Amino acid sequence: MAYSEKVIDHAENPRNVGTLDKDDPNVGTGLVGAPACGDVMRLQIKVNDDGIIEDAKFKTFGCGSAIASSSLATEWIKGKKLEEAEAIRNVDIVNELNLPPVKIHCSVLAEDAIKSAIADYRAKQAARQAAKANAQ
Amino acid sequence: MDPFATLGAPRRFDLDLAALEKTHRELSRALHPDKFASASASERRAALEKAASVNEAWRVLRDPIRRAEALFQLEGIEVGETKEPKPSPAFLMEVMEQREELAEARAKKDLDRVRKLAAAIGERMKAAQERLGAAFDGSSRSADELARLLPLLGEMRFYRRFLDEASAIEEEAEEALLAAEANGEKVHA
């Protein structure tokens with residue numbers, strides 16, 4: 001199958017590959033997998049006190065399209081507010097990367113990963129607030 | 001299409017694959033176009049179509065994942081991307097860790113480690129297949145009971161990805177070794 005140039009670029013030179021400390025209260029970790037193909041993707045965000053994603057890292061074990069989708073996702077969400085990052089839809093990724101229909105699930109995975117990282121960050125923050133309230 | 005019926009196999013997960021391969025070969029031979037050289041056009045077409053479905057049935061049944069998919073589907077349980085449950089966070093965490101270990105072993109060219117990791121995943125693949133074998137054993141079970149086993153399909157696909165990657169690493173290492181030998185370098189085993 002022919003990959004688009006943008007997919008090849010991201011797959012060969014993925015941006016923001018790596019790990020953030022998952023125990024850091026400002027880090028949210030999203031872990032998603034596609035049972036239909038066996039791809040697994042981890043996307044992490046580091047959020048500052050203004051609610052802006054100041055760093056994002058990913059690690060994906062999967063095909064070129066899955067790597068490109070998550071690489072692009074980290075590029076897009078860096079510097080964005082949580083609400084803005086949440087608004088990213090998989091179709092945006094499909095359009096940017098020219099993904100063929102059989103690879104659309106890769107973009108869905110990336111969207112799920114963003115949402116799951118944000119949800120994890122928020123759950124952590126809520127737990128911290130609760131702990132603070134209890135301590136007082 | 002029912003691949004079990006096409007090859008005359010019992011509708012169960014555990015199959016005698018050697019016997020089935022023989023059946024496939026015999027059917028293919030009987031349906032070969034040479035045997036229909038003097039037959040009518042419609043008979044030739046029918047034989048061709050039958051041969052294609054025999055081949056497809058064999059491809060499905062010899063592959064444990066596709067065989068399991070067929071069994072679920074024949075029970076009216078849909079499989080595929082949107083039909084199967086999402087893998088649990090704990091399972092994904094484990095897969096991620098295993099894949100990272102494998103990537104690390106590859107970077108370090110630690111083939112022993114690669115083989116050990118693959119063997120461990122191979123055991124889990126086997127365990128998943130045993131559970132499918134016990135459930136799809138030819139006796140009748142409720143669709144609800146069988147549907148609860150649907151996550152096994154996704155798990156097996158993750159295991160297969162892992163095992164494919166591990167064999168690719170081993171092949172890569174063997175090729176590097178052969179290339180080194182061809183260059184007349186001293187190779188330490």
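Reader: Hey, quick one: how do H2(A) and H4(A) lie to each other?
Author: They count as roughly perpendicular. The cut-offs for angles are under 35 degrees for roughly parallel, over 145 for roughly antiparallel, 65 to 115 for roughly perpendicular, and oblique for the rest. One caution: this is a predicted model, so local features need pLDDT of at least 70 and side-chain atom pairs pLDDT 80 or more, while totals for chains, interfaces and linings use all residues. Residues are numbered from 1 along each chain as its sequence is written, chains are lettered from A and ligands numbered from 1 in the order in which they are written, and side-chain values use heavy atoms, without hydrogens and water.

Reader: And what do the labels H and E stand for?
Author: Helices (H or I, at least four residues) and strands (E, at least two) are DSSP runs, numbered from the N terminus.

Reader: At what angle do the axes of H2(A) and H4(A) cross?
Author: Helix H2 (residues 64-77) and helix H4 (residues 90-97) of chain A cross at roughly 110°, with their axes coming within 10 Å. Axes are lines fitted to C-alpha atoms, for helices over the stretch in contact, and angles run from 0 to 180 degrees between N-to-C directions.

Reader: Which residues meet there?
Author: From H2(A) you have A:Ala68, A:Ser69, A:Leu72 and A:Trp76, and they meet A:Asp92, A:Ile93, A:Glu96 and A:Leu97 of H4(A). The contact residues split into 5 nonpolar, 1 polar and 2 charged. Contact means heavy atoms within 4.5 Å. Ala, Val, Leu, Ile, Met, Phe, Trp, Tyr, Cys and Pro count as nonpolar, Asp, Glu, Lys and Arg as charged, and the others, Gly among them, as polar.

Reader: OK, new topic. In what order do the strands of the chain A sheet run?
Author: The order is E1-E2-E3, an open sheet of 3 strands with antiparallel pairing. E1 and E3 of chain A each have a single partner strand, so one side of each has no neighbour in the sheet. From one strand to the next, the twist averages 15°.

Reader: How many bridges link E1(A) and E2(A)?
Author: E1(A) and E2(A) pair over 8 bridges, and E2(A) and E3(A) also pair over 8 bridges. Strands pair if DSSP finds at least two bridges between them. A:Gly33 has A:Val40 in E2(A) as its bridge partner, and A:Val47 stands opposite A:Ile53 in E3(A).

Reader: Is E1(A) mostly covered or mostly uncovered?
Author: Mostly covered: 8 of its 8 residues are buried. Buried means under 20% relative accessible area, exposed over 50% and partly exposed in between (1.4 Å probe, protein chains only). One side of E1(A) has A:Val27, A:Thr29, A:Leu31 and A:Gly33, and the other has A:Gly28, A:Gly30, A:Val32 and A:Ala34.

Reader: Is B:Lys109 buried or exposed?
Author: Exposed, with a relative accessible area of 73%. B:Lys109 sits in the loop between H5 and H6 of chain B, and its phi is positive, near 55°. A:Asn16 also has a positive phi, near 60°, but A:Asn16 is buried, with a relative accessible area of 15%.
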